[in-house]
Amino acid sequence: MGLDNLLAGNAITLKLKEAVAWARKYSLWPMPYGTACCAIEFMGVVAPYFDISRFGAELVRFSPRQSDLLMVMGTINYKQAPILKRIYDQMCHPKWVIAMGACATSGGFYNNYSVLQGIDEIVPVDVYIPGCPPRPEGILNALVKLQEKITQEARKDV
Ligand code: SF4
């Protein structure tokens with residue numbers, strides 16, 4: 001009896017990096033970087049009604065060294081940009097970034113000399129959430145999109 005026949009129906013096989021990605025995507029530790037009204041909406045997502053813990057991301061941390069998901073919520077001005085960049089740099093790899101809302105994504109309606117026109121000018125963004133502010137469902141949808149991205153990254157042959 002060949003090994004394939006022996007395993008048929010009795011075992012699940014997958015690459016180690018896919019198993020690691022599976023564990024990572026269901027145990028994200030978000031760090032909320034809230035500067036404005038979008039951060040209030042995030043509070044609803046971690047509360048029981050929307051319950052972000054269903055997606056394995058309820059362990060909110062306020063230290064970049066304990067986080068792997070930076071969630072930027074609100075307006076980022078040029079004075080604050082170096083702080084955001086430094087916090088991103090302090091996070092260990094692998095790490096991901098979600099830009100929540102119009103301000104973090106593109107500057108929103110603050111199209112002026114003092115506001116960064118999107119955080120992707122200083123940090124790489126994995127998922128953008130549209131809206132002003134986004135609905136909690138939009139935030140959960142972004143989380144699912146990020147989980148899919150983590151799986152796809154693991155399947156790529158590097
Ligand atoms: S996108 Fe809208 S709700 Fe979010 S921080 Fe900007 S102004 Fe506030």
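This is a predicted model: local features need pLDDT of at least 70, side-chain atom pairs count only at pLDDT 80 or more; totals for chains, interfaces and linings use all residues.
Which residue in E3 does methionine 73 stand opposite? It is methionine 100.

Strand E2 covers residues 69-73, and five bridges join E2 to E3. The two strands run parallel. Between them the chain passes through helix H4, residues 81-90, and this β-α-β crossover from E2 to E3 is right-handed.

Next, E3 itself. The strand spans residues 96-100, and five of its five residues are buried. In a regular strand the side chains alternate between the two faces of the sheet. In E3, Trp96, Ile98 and Met100 point one way, while Val97 and Ala99 point the other way.

Now the other neighbour. Strand E4, residues 127-129, also runs parallel to E3, and three bridges join the two. The chain gets from E3 to E4 through helix H5, residues 101-106, in a β-α-β crossover that is right-handed.

Last, a pair of helices. H2 is residues 16-25 and H6 is residues 136-155. Their axes lie 9 Å apart, and the helices pack at an angle of about 165°. Angles over 145 degrees count as roughly antiparallel, so that is how H2 and H6 are arranged. H2 passes H6 in a right-handed crossing.

Which residues of H2 meet H6? They are Lys17, Glu18, Ala21, Arg24 and Lys25. On the H6 side, the residues they meet include Gln147, Ile150 and Thr151, and also Glu153, Ala154 and Arg155.

Notes. Residues are numbered from 1 along each chain as its sequence is written. A residue is buried if 20 or more other C-beta atoms lie within 10 Å of its own, exposed if 12 or fewer, and partly exposed in between; C-beta atoms are placed from the backbone. Helices (H or I, at least four residues) and strands (E, at least two) are DSSP runs, numbered from the N terminus. Two strands pair if DSSP finds at least two bridges between them. A crossover is right-handed if, with the strands pointing away from the viewer, the path from the first strand over the helix to the second runs clockwise. Axes are lines fitted to C-alpha atoms, for helices over the stretch in contact, and angles run from 0 to 180 degrees between N-to-C directions. Angles under 35 degrees count as roughly parallel, over 145 as roughly antiparallel, 65 to 115 as roughly perpendicular and the rest as oblique. A crossing is left-handed if the near helix is turned anticlockwise from the far one by less than a right angle, and right-handed if clockwise. Two residues are in contact if their C-beta atoms, placed from the backbone, lie within 7 Å.
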